[in-house]
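Please look at the sequence and the model below.

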Amino acid sequence: LQVASEPIDLTSASDRELQHYLGQEVRMQGQFSLRGKIGPFILVGGRPIYLVSNGSFSWGPRYESMEGRDVRVVGTLRFAHYQERSQEALPVPRPPDHFYFEAETAKIELIK
């Protein structure tokens with residue numbers, strides 16, 4: 001009988017350590033904000049870990065009430081990498097590479 005273990009807590013992990021857990025269910029704690037450059041995020045160790053919605057996910061009043069508060073997120077850790085533009089192309093702003101959780105499947109809860 002396999003007992004489901006608690007997802008590993010990566011709140012204090014470095015970016016290098018986080019790379020080892022891509023595609024795995026993990027747990028992180030941080031301050032929640034709906035006001036990120038790319039979308040909602042939690043601030044973990046001074047960097048944003050985004051909550052990316054790939055559909056019709058609604059960031060309604062439940063999430064608005066979490067603004068600036070400490071939350072725990074459990075979900076599958078992902079990483080978005082954006083290619084540098086070639087030298088010939090016109091300079092175009094690109095989003096920064098970032099770690100994220102998929103909003104539709106992540107569990108987000110306030111820390112009491």
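**From fold to residue**

Starting at the N terminus, the protein chain runs through its elements in the order β-α-β-β-β-α-β-β-β, which gives 2 helices and 7 strands. Helices (H or I, at least four residues) and strands (E, at least two) are DSSP runs, numbered from the N terminus. The model is predicted: local features need pLDDT of at least 70, side-chain atom pairs count only at pLDDT 80 or more, and totals for chains, interfaces and linings use all residues. Residues are numbered from 1 along each chain as its sequence is written, and side-chain values use heavy atoms, with hydrogens and water left out.

Along the principal axes, the C-alpha atoms of the protein chain fill a box of roughly 55 × 35 × 25 Å. Of the 112 residues, 32% are buried, where buried means under 20% relative accessible area, exposed over 50%, and partly exposed in between (1.4 Å probe, protein chains only). The chain exposes about 7400 Å², and carbon and sulfur atoms supply 49% of that area; accessible areas come from the Shrake-Rupley method with a 1.4 Å probe, and for residues only the protein chains shown count as cover. Contact means heavy atoms within 4.5 Å. Among contacts between residues at least 6 apart in sequence, 61% join residues at least 24 apart.

The interior can be described through its nonpolar cores, a core being a set of buried Ala, Val, Leu, Ile, Met, Phe, Trp, Tyr and Cys residues joined through side-chain atoms within 4.5 Å. The largest has 19 residues, of which Leu 18, Met 28, Ile 42, Ile 49, Leu 51, Val 73 and Phe 101 touch the most other members. Two or more residues each come to this core from β2 (25-33), β3 (41-44), β4 (47-52), β5 (70-80) and β6 (98-102). Apart from this core lies another, of 5 residues, including Tyr 50, Val 52, Ala 80 and Tyr 100.

Leu 51 shows which parts of the chain meet. Not counting residues up to four places away in sequence, Leu 51 touches Phe 32, Pro 40, Phe 41, Ile 42, Trp 59, Val 73, Phe 101, Ala 103, Ala 106 and Ile 108.

Gln 31 is placed in strand β2. This residue counts as partly exposed because its relative accessibility is 38%. Beyond neighbours within four places in sequence, Gln 31 is in contact with Phe 41, Ile 42, Leu 43, Gly 68, Arg 69 and Asp 70. The side chain of Gln 31 reaches the backbone oxygen of Gly 68 at 3.0 Å.

Conventions
A polar contact is a pair of N or O atoms within 3.5 Å; within protein, one must be able to donate a hydrogen and the other to accept it, and residues adjacent in sequence count only if both atoms are side-chain atoms.
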